Amino acid sequence: MFSMYNCCVKARHQQDSKWSLVVCICATLSQVMVLGIMRSFGVLFPVLMAKFETNREKTAWVGSLCLSLALFAAPFVGRLSDKFSCRCLIMTGALLFVTGLIATSFVNNIAIMFITYSILTGLGACFCRTSCFLIVAKYFNKKRSFATGILTMGASLGMFVWGPITQVLLDSFGWRNTYRVMAASCTLIFICAMTFNPNVEENDWEAAGKQKIGESNDNNEEKDYCGNDFEARSEEMKILDFSVWQIPQYCILVSSFTLMFLCRFVPMVHLAKYSEELNISPHQASFFYMFLGISSGTSAFLIGRLCDVKWINIRYVNQLGILVSGISTLLLPLAKNYLFVAFYAVVFGFSDGAFITTQNVILLNIVGPKRRAAAFGFGCMLCSLALAAGPPLTGFIADQLASYKFAFYTIGSLILLSAAIQMLLICFESPFNKTKGDSDAAVTVKVVTVSENICTESQHGKPDDKELLGGLYVKSLLKKNSNISASVESVQLL
């Protein structure tokens with residue numbers, strides 16, 4: 001008992017250690033509870049429509065706003081993580097989430113549900129989700145992609161578990177008691193949060209760069225860098241860090257992710273209701289969420305492992321996931337029975353798992369540790385705005401045409417457009433990356449320059465060439481180049 005207390009509170013842990021695995025498992029369980037419940041909203045969707053006598057569009061707003069807020073407030077939660085530990089944040093989020101579910105079980109008007117479920121529960125989920133990703137990124141270095149894949153799998157595993165359970169609870173106890181059982185189950189998060197010990201010895205190369213900056217400030221010949229160090233400290237006091245938008249590759253990728261998020265939660269919200277058009281029973285329809293969850297979770301695990309292979313281009317995996325999602329959604333209206341819809345759920349879930357796993361890796365590694373929370377937060381915030389509009393837009397089209405057919409054609413086309421946007425990255429290819437050997441050499445020189453003498457010019461460019469070296473960094477990172485994977489600050493410090 002004392003040993004567990006020591007590990008959770010007093011001990012100082014290494015990255016990629018056994019305790020890192022414990023933290024990753026507990027963070028994943030937290031994702032199972034929070035995101036699994038949220039993504040099972042589609043099972044409750046037809047019941048809420050019948051209870052409150054509302055149309056598809058208005059009911060979809062309840063679930064989509066909750067999912068949206070879970071991402072939208074991520075930049076602010078990310079900044080709070082600079083002041084408070086991830087353990088404190090996830091406990092706060094769990095309290096908000098449980099309170100929201102309990103309050104939702106007492107509402108008699110869907111308008112009140114926008115406050116209790118959409119806002120309160122969504123905000124609590126944001127605290128939990130963001131703190132889980134940040135703590136895992138802090139505890140892992142060499143296996144960060146794999147750990148992120150496992151963490152991402154938590155949402156899929158949650159949907160696999162909570163989809164059928166939600167339908168069983170609905171049939172047995174009604175929708176009000178279903179929310180109460182969900183709230184009681186989420187108390188497990190408080191136990192998981194105890195493992196989030198903030199005392200971690202980070203071994204990234206950028207830490208060495210920071211230490212060298214401190215040493216260089218003592219030398220008169222390097223006084224020019226003192227101003228940059230002062231600016232960096234002042235920047236930490238800002239609520240939001242907008243410097244991530246100076247990287248054009250980041251802007252393109254976030255634009256693609258945003259359009260994808262407009263569409264990716266549409267099946268999760270509307271699939272149960274769409275099943276009614278095909279005369280599929282609610283009990284059978286609940287298994288679609290199980291198929292979505294298990295296929296997405298399996299994909300997240302495999303893709304997370306695959307991303308640790310040096311020669312794998314993460315961006316191509318991400319783009320392929322988007323492409324398969326779009327094609328399968330375009331073909332969904334052709335499905336006429338349970339078997340074909342189940343096959344769609346498996347294919348869409350697997351491709352969506354590939355997309356979201358690589359997206360999280362890209363957002364968490366595209367910039368340095370100081371800007372990691374900002375990059376991840378801004379990406380989540382913009383994606384959340386699109387997410388909020390996607391399911392209601394689909395519901396609006398289905399309400400107007402009295403069918404989901406054209407709605408799914410529209411969503412599938414938009415997903416394909418998301419994949420096409422990433423082709424713009426070709427226009428920003430760095431001139432240093434003409435060959436793989438050249439990129440390796442350039443990156444290696446830059447790492448040595450940063451670690452040995454911050455103010456010395458590299459033979460490939462001056463320290464103020466932010467955009468050029470930024471392009472080199474991002475492209476090399478997405479190729480999983482081993483020589484650059486640990487040199488995050490080499491670009492940020494320029």
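Predicted model: local features only at pLDDT ≥ 70, side-chain atom pairs only at ≥ 80, totals over all residues.
The chain has 494 residues, and 57% of them are buried. Its secondary structure consists of 21 helices and two strands. Among contacts between residues at least 6 apart in sequence, 84% join residues at least 24 apart. The accessible surface of the chain amounts to about 20000 Å², and carbon and sulfur atoms account for 65% of that area.

Helix α3 (residues 41-52) contains 12 residues, and the distance from its first C-alpha to its last is 15 Å, close to the 16 Å expected at 1.5 Å a residue. Helix α3 is mostly covered, with nine of its 12 residues buried. These buried residues are Phe41, Gly42, Val43, Leu44, Phe45, Pro46, Leu48, Met49 and Phe52. The cover over the buried residues of α3 includes α2 (18-39), α4, α7 (110-139), α8 (144-185), α13 and α14 (282-306). Just after α3, Glu53 adopts a positive phi of about 55 degrees.

Helix α12 (residues 248-263) has 16 residues, which at 1.5 Å a residue should span 22 Å; the C-alpha atoms at its ends are 24 Å apart, in agreement with that expectation. Helix α12 is also mostly covered, as 13 of its 16 residues are buried. Gln249 has its C-alpha atom 9.7 Å from that of Ile426, although the two residues are 177 residues apart along the chain. Ile426 is located in the loop between α18 (405-421) and α19 (436-452). With a relative accessible area of 54%, Ile426 is exposed, because the cut-off for that class is over 50%.

Side chains of opposite charge can pair when their charged atoms come close. Four salt bridges were counted in the model. One of them joins Glu277 to Arg56, with 3.9 Å between the closest N and O atoms. This pair links distant parts of the chain, since Glu277 belongs to helix α13 (residues 266-277) and Arg56 to helix α4 (residues 56-72), 221 residues apart. Arg56 also forms a salt bridge with Asp399, at 3.1 Å from N to O. Asp399 lies in helix α17 (residues 369-401) and Arg56 in helix α4, so this pair ties together parts that are 343 residues apart in sequence. Arg56 counts as buried because its relative accessibility is 14%, below the 20% cut-off. Its two partners count as partly exposed: Glu277 has a relative accessibility of 33%, and Asp399 has a value of 24%.

A further salt bridge is formed by the side chains of Glu276 and Lys273, at 2.9 Å from N to O. Both residues lie in helix α13, three residues apart, about one turn of the helix. An α-helix has 3.6 residues a turn, so residues three or four places apart point the same way. Glu276 is partly exposed at a relative accessible area of 38%, whereas Lys273 is buried at 15%. Salt bridges with shared partners join Arg56, Glu277 and Asp399 into one network.

The whole structure contains 14 aromatic pairs. One of these is the edge-to-face pair of Phe41 and Phe45, whose centres are 6.3 Å apart and whose planes are 70 degrees apart. The two residues are four residues apart in helix α3, and therefore separated by about one helical turn. Phe41 is buried at 2% relative accessibility, and Phe45 is buried with a relative accessible area of 0%. Ring pairs link Phe41 and Phe45 with Phe52, Tyr117, Trp175 and Tyr179 in a cluster.

Arg180 lies over the face of Phe106, 4.5 Å from the ring centre. The charged end of Arg264 is placed over the ring of Phe261, at 4.9 Å from its centre.

Methods
Residues numbered from 1 in each chain as written. Heavy atoms only, no water. Expected span 1.5 Å × (residues − 1). Buried < 20%, exposed > 50% of the residue type's maximum accessible area, 1.4 Å probe, protein only. Phe/Tyr/Trp six-rings, centres within 6.5 Å; stacked < 30°, edge-to-face > 60°. Lys NZ or Arg CZ within 6 Å of the ring centre and 35° of its normal. Contact = heavy atoms within 4.5 Å. Areas by Shrake-Rupley, 256 points an atom, 1.4 Å probe, with all protein chains shown as cover.
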